[in-house]
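Here is a short report on how chains meet in one model. Look at the structure first, then read on.

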There are 4 protein chains.
Amino acid sequence: MPATPGKCVLVTGFEPFGGERVNPSWEIVRALPATLGGHRVEKLLVPTEFGRSVRRVARAIDELGPALVLCIGEAGGRSRMSVERVAINVNDARIADNAGKQPVDEAIRAAGPAAYLCTLPVKAMVAAISKAGVPAEISNCAGTFVCNQLIYGVLDHIAGKALAVRAGFMHVPYLEAQVLDKPHAAAMALASMVEGTKAAIMAAIKERMK
Amino acid sequence: MPATPGKCVLVTGFEPFGGERVNPSWEIVRALPATLGGHRVEKLLVPTEFGRSVRRVARAIDELGPALVLCIGEAGGRSRMSVERVAINVNDARIADNAGKQPVDEAIRAAGPAAYLCTLPVKAMVAAISKAGVPAEISNCAGTFVCNQLIYGVLDHIAGKALAVRAGFMHVPYLEAQVLDKPHAAAMALASMVEGTKAAIMAAIKERMK
Amino acid sequence: MPATPGKCVLVTGFEPFGGERVNPSWEIVRALPATLGGHRVEKLLVPTEFGRSVRRVARAIDELGPALVLCIGEAGGRSRMSVERVAINVNDARIADNAGKQPVDEAIRAAGPAAYLCTLPVKAMVAAISKAGVPAEISNCAGTFVCNQLIYGVLDHIAGKALAVRAGFMHVPYLEAQVLDKPHAAAMALASMVEGTKAAIMAAIKERMK
Amino acid sequence: MPATPGKCVLVTGFEPFGGERVNPSWEIVRALPATLGGHRVEKLLVPTEFGRSVRRVARAIDELGPALVLCIGEAGGRSRMSVERVAINVNDARIADNAGKQPVDEAIRAAGPAAYLCTLPVKAMVAAISKAGVPAEISNCAGTFVCNQLIYGVLDHIAGKALAVRAGFMHVPYLEAQVLDKPHAAAMALASMVEGTKAAIMAAIKERMK
């Protein structure tokens with residue numbers, strides 16, 4: 001199905017961080033096809049930095065007017081694709097981001113709500129990923145680092161402007177190449193994660209079109 | 001230090017559920033002293049049921065007027081005491097509660113906020129538990145079962161009535177006796193959990209008195 | 001490199017067991033090429049049964065005269081390819097095998113040695129699998145079920161006849177399709193396991209030819 | 001029951017290693033009573049060093065003539081008391097011992113058997129520990145560091161002299177104090193480990209007296 005003019009989904013991945021040389025989230029995004037379910041796939045590489053990451057994606061939303069936004073991030077240690085349900089109003093970093101910032105116990109926006117629920121259909125996405133043969137789960141915790149801030153910030157931006165955009169977040173395991181020297185860490189093959197992500201996006205598009 | 005008349009902390013534990021014959025949360029609460037840091041310790045056993053558990057604790061808050069509320073619950077599989085930071089507006093039960101109810105993807109209160117942040121000093125509590133020699137951590141996810149509903153409901157009750165009560169939640173591992181036949185499950189000795197809980201409550205009282 | 005006439009490696013995989021509908025070990029073996037490193041690849045499906053599995057492989061060794069034997073088995077729960085170092089003289093089954101046998105605390109051969117060390121180059125194989133980009137580790141424990149009995153039995157057969165055959169064992173994770181409904185179980189994509197196995201066999205052949 | 005003159009059990013623990021300031025194995029041994037099941041309890045602190053640890057315990061066996069030897073060691077990361085079934089003829093150290101030695105892929109004794117099975121009643125010990133309310137399991141892998149070498153060496157010493165001594169090994173988790181800053185590591189309270197060890201020794205004595 002060719003993309004309908006003007007219809008797009010925005011899919012974002014992060015730059016490597018925490019000493020890694022690659023970030024599975026961006027490897028996945030790069031490998032996605034140019035269109036999915038009649039929508040153009042707009043791919044955006046996002047810096048792993050508090051503040052800048054949110055501004056980058058917010059600007060892209062304003063410029064592109066996507067129907068859906070799916071941000072993807074690495075969650076080293078998890079063993080399956082995790083569709084996040086919620087983003088909380090907390091920055092609390094265990095390590096510094098790529099710009100050296102390490103906020104501790106701060107609100108993302110002082111007057112913001114305690115949390116946003118993601119507006120993509122998380123259960124339908126998990127079901128679709130599983131149906132594609134890839135291990136998936138719902139997660140109720142996107143952490144308190146840049147990933148959580150990004151999706152909180154994106155949902156806050158959408159709410160503030162009352163945009164008709166649905167947005168969500170997916171955490172993914174390490175790539176196999178990242179764990180060769182990490183004795184107990186789980187990993188997932190890139191091909192599996194790409195298939196799972198395509199299935200998740202298709203499920204979100206299908207739900208959107210109902 | 002004897003309890004000041006009228007000053008109390010409300011500490012709650014749950015009834016056993018999920019096929020278990022004991023719930024570590026209530027075993028801990030039972031073993032607490034009658035007073036802590038100049039406050040009477042009011043102990044409440046709560047049914048592991050959606051709805052009823054919230055009403056039970058809300059009523060106790062109204063009757064007792066505690067300075068602090070600490071609800072405790074079992075998180076089988078965790079290996080350390082987990083002070084929860086947030087409660088989300090979601091009921092999504094993987095198993096039925098003790099009354100046979102199993103809500104799936106429902107809001108706790110349709111018009112309620114997406115989440116509440118706990119109002120106890122979570123980092124000070126984790127530091128105090130650790131200082132007492134007991135493994136502890138902050139958790140950003142209280143699940144989507146009765147535990148999460150209870151603390152969401154309690155914070156919603158407090159917010160609705162604008163009470164000057166701080167409230168929080170702590171998840172605890174299985175007792176050792178619960179994992180004798182569970183090959184890979186972590187556990188913690190009751191004595192350690194009681195010491196950790198006392199330290200957590202003392203830290204919350206100290207912060208409250210500042 | 002075409003196979004030299006008469007030169008072969010014997011690679012075995014097991015039938016599904018424990019309620020599974022597929023066994024990753026046999027899926028891997030099926031997917032191997034017909035020749036590797038100048039050796040014909042002889043593929044053998046082995047029943048997951050105490051006794052019969054050993055007799056089946058012992059007979060194949062006698063008939064084929066392989067240079068190397070690599071037996072592969074499923075180790076559900078492990079997250080990487082595990083090259084086993086040792087097989088112990090113990091049958092101690094937590095579940096019944098596919099013929100309903102469940103030996104408890106029995107010797108495999110009453111007068112046999114307490115253990116055999118595998119005679120394939122385990123470290124070189126782990127290094128080769130890792131170099132192929134697939135997570136791998138040495139394991140010092142092949143369990144006490146059919147897998148351990150098979151490699152113990154094979155090494156005992158080879159020792160008893162003083163054959164010039166090297167033999168070893170590799171445990172592999174679940175396939176992704178096996179863990180869709182197992183919340184916390186690790187898995188690995190078939191393609192990765194096939195690549196890893198090819199690298200392991202090549203490393204063993206290379207070492208053999210020194 | 002007072003100790004019968006001449007009857008003793010030798011129980012050993014290790015010095016701290018790997019950057020730790022305490023070793024749970026010696027803390028357990030120190031806390032054992034002076035007699036158990038009519039046997040004097042001889043306590044020995046063993047250096048965490050290849051070679052010296054074995055010589056130290058072998059000499060104690062020769063001097064004391066114990067009925068039973070139970071060596072205990074730390075297995076950081078395990079969550080329950082692990083009664084070991086087997087010791088293998090391999091030194092393969094991931095870190096240096098306390099004397100700076102780090103053997104890689106060496107035999108403990110070149111002409112020694114591939115393994116020894118421990119001669120204490122492992123299943124009865126696990127059952128007794130569990131009955132005492134402490135999580136326990138059989139382990140088929142004592143590793144390839146100093147712990148494994150010690151029990152291999154002890155069993156080899158006993159076999160070489162044909163002594164009527166039964167010997168075994170038990171790995172224990174970290175103490176709680178050791179994991180306060182290790183986010184995901186399991187631990188066990190000292191009191192629980194002492195109770196479990198007493199139960200294990202009693203079970204071994206009882207079996208011995210049959």
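Buried area is the accessible area (1.4 Å probe) that two parts lose on being put together, summed over both. By that rule, chain A and chain C of this predicted model bury about 1,300 Å² between them. Carbon and sulfur atoms hold 44% of it. Arg80(A), Glu176(A) and Leu180(A) supply 42% of the area that chain A buries against chain C, more than any other three residues.

Residues are numbered from 1 along each chain as written, and chains are lettered from A in the order in which they are written. Local features need pLDDT of at least 70 and side-chain atom pairs count only at pLDDT 80 or more, while interface totals use all residues; side-chain values use heavy atoms, without hydrogens and water.

Next, the pair of chain B and chain D. Arg80(B), Glu176(B) and Leu180(B) lose the most area to chain D, once chain B and chain D bury about 1,300 Å² between them. Together these three make up 41% of what the chain B side buries.

A salt bridge needs a side-chain nitrogen of Lys or Arg within 4 Å of a carboxyl oxygen of Asp or Glu. How many salt bridges does the rule find across the interface of chain A and chain C? The count is 0. Between chain B and chain D the count is 0 salt bridges too.
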